[in-house]
Amino acid sequence: MKLLLQLKEMHHFTTNERSIAAYILTHKDNILPMSIQELAKATYTSHSAINRLTHKLGLAGYKEFILKLAREFQQDVHSISNVDVNYPFAPGEAPIQVAKEIAELMKATIEKNFAFLEDAQLAKAADILDRSDKIFIYALGDSEIRAKSFQNKLIKINKYAVIATELSEWEYHTVNLTQNDCAIFLTYHGLTANNLKAAKYFVRKNIPFITITAAHGTELAKLSTLCIQVPEDEVKHAKIGTFSSQIAFEYVLNVIYSCIYRINYSKNKLASRDVLNDFYMDDVKTEL
């Protein structure tokens with residue numbers, strides 16, 4: 001998760017840590033050149049308090065904190081777009097202008113989403129999915145379209161993938177998962193009651209599951225073996241379409257698929273061809 005988001009949420013922060021976080025958030029333009037001594041003086045805290053805060057953020061110390069924060073600032077600068085995520089084009093615009101704004105929206109969404117991703121997180125997601133016998137995907141509405149695209153890719157590298165929420169059979173799929181399988185929840189707001197019910201079952205049965213969502217603070221996200229966050233830019237029931245959320249989901253799933261693929265790159269490169277060769281070999285034998 002991005003540092004600025006963690007600082008804003010202040011989960012389990014002490015009083016001193018809240019003061020440090022608040023100062024950083026309100027002095028973002030001046031924080032990068034500051035030494036730990038200068039920050040301690042400005043916040044009326046201590047070196048140890050600042051280091052404890054950085055450790056709580058999952059970092060080794062203040063130096064790593066400043067380096068990661070600088071990267072976030074740089075990524076945010078490159079992600080600036082004037083396009084409204086919820087209403088990316090206006091009435092009466094020329095078709096080519098609409099095309100330009102949708103292109104800008106797609107580019108900005110992907111760049112912003114990239115800033116949310118972490119190397120260790122992606123590696124863990126790929127490892128969980130690669131080791132799983134079966135992958136069950138929970139997705140509804142527009143997100144199910146993204147899930148089907150992901151399923152299609154997995155099938156081509158001989159990964160058994162099922163859309164668990166298809167045909168309203170999610171309960172049966174849920175109870176059939178084992179510890180050798182895994183699940184993926186693809187949900188923008190993360191508030192679907194059925195998803196939470198399935199997730200609690202997985203926790204009880206020690207079945208790993210990954211949640212991809214914009215709402216990383218929900219109970220579903222917190223129960224997850226791994227939660228991958230996408231930008232929360234869309235307003236529910238106040239938008240032309242689910243452009244940003246679905247672009248984000250498609251991007252993250254494509255990245256995860258690519259990370260799975262790279263684990264056994266040569267094997268996966270040959271997988272689809274070999275399977276089809278075996279399939280059509282029976283026809284060749286019959287003709288002979």
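# Contacts and burial in a predicted model

Ser 258 counts as partly exposed, because its relative accessibility is 42%. The structure is a predicted model. Ser 258 belongs to helix H13, which covers residues 243-263.

## Annotated region

UniProt, in an unreviewed entry, places the feature "domain: SIS" at residues 125-266. This annotation may be inferred rather than shown by experiment. Over residues 125-266 the chain is 48% helix and 17% strand. The end C-alpha atoms of that stretch are 20 Å apart.

## Salt bridges

The count of salt bridges comes to nine. Three of them are set out below.

| Salt bridge | N to O distance | Relative accessible area |
|---|---|---|
| Asp 181 and Lys 134 | 3.5 Å | Asp 181 1%, Lys 134 26% |
| Glu 250 and Arg 146 | 2.9 Å | Glu 250 23%, Arg 146 19% |
| Lys 200 and Glu 219 | 3.7 Å | Lys 200 36%, Glu 219 43% |

The side chains of Asp 181 and Lys 134 meet in a salt bridge. That pair links distant parts of the chain, 47 residues apart. Asp 181 sits in the loop between helix H10 (170-176) and S3, and Lys 134 is in strand S1, residues 134-139. Asp 181 is buried, whereas Lys 134 is partly exposed.

Glu 250 forms a salt bridge with Arg 146. Glu 250 lies in helix H13 and Arg 146 in helix H9 (residues 142-155), so this pair ties together parts that are 104 residues apart in sequence. Glu 250 is partly exposed. Arg 146, at 19%, is classed as buried, because the cut-off for that class is under 20% relative accessible area.

The side chains of Lys 200 and Glu 219 also meet in a salt bridge. Lys 200 lies in helix H11 and Glu 219 in helix H12 (residues 219-223), so the bridge ties together parts that are 19 residues apart in sequence. Lys 200 is partly exposed, and Glu 219 is partly exposed as well.

## Aromatic contacts

A search of the whole structure finds ten aromatic pairs. One of them joins Phe 185 and Phe 202, with 6.1 Å from centre to centre and 45° between the planes, and is tilted. The pair links distant parts of the chain, with Phe 185 in strand S3 (residues 182-186) and Phe 202 in helix H11 (residues 193-204), 17 residues apart. Phe 185 is buried, its relative accessible area being 0%. Phe 202 is likewise buried, at 0%. Both residues belong to one aromatic cluster, formed by Tyr 138, Phe 185, Tyr 201, Phe 202 and Phe 209.

## Cysteines

A search of the whole structure finds zero disulfides. Cys 259 is in no disulfide, and the nearest cysteine sulfur to it is that of Cys 182. Cys 182 counts as buried, with 0% relative accessibility. Cys 259 also counts as buried, at 17%.

## Helix H2

Helix H2 has twelve residues, covering 15-26. From its first C-alpha to its last the helix reaches 17 Å, close to the 16 Å expected at 1.5 Å a residue. Which residues of H2 are buried? They are Glu 17, Ile 20, Ala 21, Tyr 23 and Ile 24. Seen down the axis of H2, the buried residues fall within an arc of 160°, so they line one face of the helix. The face turned away from this buried side carries the exposed residues Thr 15 and Thr 26.

Definitions and conventions:
Residues numbered from 1 in each chain as written. Predicted model: local features only at pLDDT ≥ 70, side-chain atom pairs only at ≥ 80, totals over all residues. Heavy atoms only, no water. Helix = DSSP H or I, 4+ residues; strand = E, 2+ residues; numbered from the N terminus. Buried < 20%, exposed > 50% of the residue type's maximum accessible area, 1.4 Å probe, protein only. Phe/Tyr/Trp six-rings, centres within 6.5 Å; stacked < 30°, edge-to-face > 60°. Expected span 1.5 Å × (residues − 1). Arc of directions from axis to C-beta. Salt bridge = Lys/Arg side-chain N within 4 Å of Asp/Glu carboxyl O. Disulfide = S-S within 2.5 Å.
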